[in-house]
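Hi everyone, thanks for making time for this.

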Amino acid sequence: LAMEIDLMDVYQPALQSLIPLLRGTLLVLVVCLLAVLYYARSFTRPLRRINQHFALLGDGHGDLTIRFDANVNKDFREMHAMKSALNKFLIFVSGVMRNIISVSRRVSEGANNLKSQAEQMQASAVDISASMEEASAASEELRASTEKILEHVRSNSEAVQRSMQSMDNMS
């Protein structure tokens with residue numbers, strides 16, 4: 001009673017149903033892979049734009065007026081929150097930069113005013129120095145003249161005293 005069974009006859013129906021199953025699995029894997037790539041790109045594309053923008057800012061060539069499109073329907077919630085926060089940060093940094101520019105202009109104007117006043121003070125000091133030199137020279141001349149006058153007064157006083165003595169001797 002031994003029966004010989006051909007193994008191909010046994011496995012043939014299983015193999016025939018396995019091929020469509022493998023094709024279906026492969027199709028599902030391809031569709032899943034495409035879906036993963038689509039969602040990954042929708043997440044990484046905005047991150048790349050943000051990264052490029054901040055790289056430019058870091059190099060000193062960025063634009064502080066740029067804003068990121070924060071669309072809740074299109075983006076994930078986390079991405080939306082990050083874009084909103086970055087936009088607020090950029091607005092804050094823009095305000096700080098405007099304040100810095102305003103303050104540096106005022107400091108520059110103040111420095112220019114201070115320089116102008118220092119130059120005027122220097123010119124006044126030169127004028128005062130010249131006036132003091134003239135006053136010193138005039139004072140020296142006045143002293144020399146006073147000494148000559150004093151000498152003449154002494155000489156005249158002596159002459160008057162001699163004259164008076166002579167007059168006293170005559171009388």
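Let's begin with a positive surface patch, which is formed by Arg41, Arg45, Arg48 and Arg49. Before going further, the ground rules: this is a predicted model, so local features need pLDDT of at least 70 and side-chain atom pairs count only at pLDDT 80 or more, while totals for chains, interfaces and linings use all residues. Residues are numbered from 1 along each chain as its sequence is written, and side-chain values use heavy atoms, with hydrogens and water left out.

What makes a patch here? Its residues have over 30% relative accessible area and no salt bridge, with like charges joined within 9 Å and nonpolar side chains (Val, Leu, Ile, Met, Phe, Trp, Tyr) within 5 Å. Lys and Arg count as positive, Asp and Glu as negative, and His and the chain ends are not counted. The charge is placed at NZ of Lys, CZ of Arg, CG of Asp or CD of Glu. Areas come from Shrake-Rupley with a 1.4 Å probe, and for residues only the protein chains shown count as cover.

Helices are DSSP runs of H or I with at least four residues, strands are E runs of at least two, and both are numbered from the N terminus.

Leu22 belongs to helix 1, and at 51% relative accessible area Leu22 counts as exposed.

Now to the charge pairs. How many salt bridges does a search of the whole structure find? Two, where a salt bridge is a side-chain nitrogen of Lys or Arg within 4 Å of a carboxyl oxygen of Asp or Glu. Arg143 pairs with Glu140, with the closest N and O atoms 2.5 Å apart, and Arg143 also pairs with Glu147, at 2.4 Å. Along helix 2, Arg143 and Glu140 are three residues apart, about one turn; Arg143 and Glu147 are four apart, again about one turn. So Glu140, Arg143 and Glu147 are linked in a network of salt bridges. Arg143 is partly exposed at 41%, Glu140 is partly exposed at 41%, and Glu147 is partly exposed at 43%.

Staying in helix 2, which covers residues 77–170, we find Ser94. Ser94 is buried, because its relative accessibility is 9%. Which residues does Ser94 touch, not counting those up to four places away in sequence? Leu64 and Arg67, with contact meaning heavy atoms within 4.5 Å.

Back in helix 1 there is His53, buried at 7% relative accessible area. His53 and Ile66 are 13 residues apart along the chain, and their C-alpha atoms are separated by 8.7 Å.

Finally, Asn169 lies in helix 2 and is exposed at 67%. How far is Asn169 from Tyr38, C-alpha to C-alpha, and what is their separation in sequence? They are 143 Å apart in space and 131 residues apart in sequence.

Notes
Buried means under 20% relative accessible area, exposed over 50%, partly exposed in between (1.4 Å probe, protein chains only).
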